[in-house]
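Okay, thanks for making time, everyone. Let me put today's structure up on the screen, and then I'll talk you through it.

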Amino acid sequence: MTFPDHIKRIIFLHGVGSSGAAMEPLADQLGLAGDMHFPDGPQAFDMGPGRQWFSVRGVTEANRPARVEEALPAFIRIVEGFGDPGASMLVGFSQGSIMAMHAAAAGMPAAGIIALSGRLAGPVSVRTEWPPISLLHGTADPVMPPDIARASEAWLRAAGAQPKLQLFDGLGHAVDDRVIAAIRLSVQDA
């Protein structure tokens with residue numbers, strides 16, 4: 001499968017404690033042909049091996065927005081390092097999706113965002129221009145329960161976006177064949 005013409009690259013964004021290389025099997029499963037990137041988060045994971053976009057040590061609903069805000073400049077530099085973000089599709093898992101959606105909320109352009117098992121840290125400001133956003137989430141996710149995906153969808157709508165939330169029965173904090181099929185459709189529809 002090739003990318004739509006307006007998408008020049010796909011950037012895969014890993015979850016906390018993981019790495020860019022851990023996202024490569026997902027790209028292989030998608031069967032995509034084109035320019036793909038798998039960056040590592042800028043910080044060493046502070047609770048074990050791997051990388052992180054921001055620390056989750058002691059994270060709460062109250063302090064999560066500030067942590068994301070503090071991490072945004074480094075995240076945006078990484079994305080911009082691959083070329084025009086407006087021509088980039090961002091596929092984030094968990095913490096990678098948090099960063100992608102908040103970067104868009106902060107004004108960074110993107111060809112689209114696919115948030116896998118992700119969320120917003122909280123409500124975001126109204127914008128007039130948003131990329132297409134697909135929220136793909138399991139109903140049995142113990143890390144980010146589906147209620148936070150529903151809240152994220154509502155926060156995005158209140159901010160002027162038109163996200164598409166798709167819940168997958170019985171799926172935990174993971175990706176399965178149903179999600180793979182939904183990612184392919186989201187790339188084509190972006």
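**Starting with helix α4**

So, the buried residues of α4 are Pro-146, Ile-148, Ala-149, Ser-152, Glu-153 and Leu-156. If you look down the axis of α4, those buried residues fall within an arc of 155 degrees, so they line one face of the helix. Over on the other side of α4, Asp-147 and Ala-158 are exposed. Before I go on, please keep in mind that this is a predicted model.

What do the buried residues of α4 pack against? They pack against α3, which is residues 95-105, and against β7 and β8. As for dimensions, α4 runs over residues 146-158, so you're looking at 13 residues. From first C-alpha to last, α4 reaches 19 Å, close to the 18 Å expected at 1.5 Å a residue.

Now let's turn to the strands. There's an open sheet of six strands here, and the order is β2-β1-β5-β6-β7-β8, with parallel pairing. Which strands stand at the edges? Those are β2, residues 35-37, and β8; each has a single partner strand, so one side of each is left without a neighbour in the sheet. Neighbouring strands of this sheet are turned by 15 degrees against each other on average, if you ignore direction.

A quick reminder for anyone who needs it: strands of a sheet pair through backbone hydrogen bonds, either parallel or antiparallel.

Let's pick out two of the pairings. β1 and β5 pair in the parallel sense over five bridges, and Arg-9 has Ser-88 in β5 as its bridge partner. β5 and β6 also pair in the parallel sense, over five bridges. There, Val-91 has its bridge partner Ile-114 in β6.

How many of the residues of β6 are buried? Five of the five, so β6 is largely enclosed by the rest of the structure. Both faces are covered: on one side of β6 you have Gly-112, Ile-114 and Leu-116, on the other Ile-113 and Ala-115, and they're all buried.

The buried residues of α5 are Val-179, Ile-180, Ala-182, Ile-183, Ser-186 and Val-187. They cover an arc of only 165 degrees around the axis, which puts them on the same side of α5. Those buried residues pack against β1, β5, β6, β7 and β8, and against α1, residues 24-30. Turn to the face of α5 pointing away from its buried side, and you find the exposed residues Asp-177, Leu-185 and Asp-189.

**Aromatic pairs**

Last stop: the rings. The structure holds two aromatic pairs. In one of them, the rings of Phe-12 and Phe-38 have their centres 5.2 Å apart and their planes at 15 degrees, so the pair is stacked. Phe-12 lies in strand β1 and Phe-38 in the loop between β2 and β3, so this pair ties together parts that are 26 residues apart in sequence. Buried or exposed? Phe-12 counts as buried, at 0% relative accessibility, whereas Phe-38, at 23%, counts as partly exposed.

Then there's Trp-53 with Phe-75, an edge-to-face pair: 5.3 Å centre to centre, with 75 degrees between the planes. Trp-53 lies in the loop between β4 and α2, and Phe-75 in helix α2, so the pair ties together parts that are 22 residues apart in sequence. Trp-53 is buried, with a relative accessible area of 1%, and Phe-75 is buried too, at 0%.

Who else does Phe-75 touch? Leaving aside neighbours within four places in sequence, Phe-75 is in contact with Leu-13, Trp-53, Met-99, Ala-100 and Ala-103. Take Met-99: Phe-75 and Met-99 are 24 residues apart along the chain, and their C-alpha atoms are separated by 7.2 Å.

Notes: Residues are numbered from 1 along each chain as its sequence is written. This is a predicted model: local features need pLDDT of at least 70, side-chain atom pairs count only at pLDDT 80 or more; totals for chains, interfaces and linings use all residues. Side-chain values use heavy atoms; hydrogens and water are left out. Buried means under 20% relative accessible area, exposed over 50%, partly exposed in between (1.4 Å probe, protein chains only). Helices (H or I, at least four residues) and strands (E, at least two) are DSSP runs, numbered from the N terminus. The arc is that of the directions from the helix axis to the C-beta atoms. Contact means heavy atoms within 4.5 Å. Two strands pair if DSSP finds at least two bridges between them. Axes are lines fitted to C-alpha atoms, for helices over the stretch in contact, and angles run from 0 to 180 degrees between N-to-C directions. Rings of Phe, Tyr and Trp (its six-membered ring) pair if their centres lie within 6.5 Å; planes under 30 degrees apart count as stacked, over 60 as edge-to-face and the rest as tilted. The expected span of a helix is 1.5 Å times one less than its number of residues.
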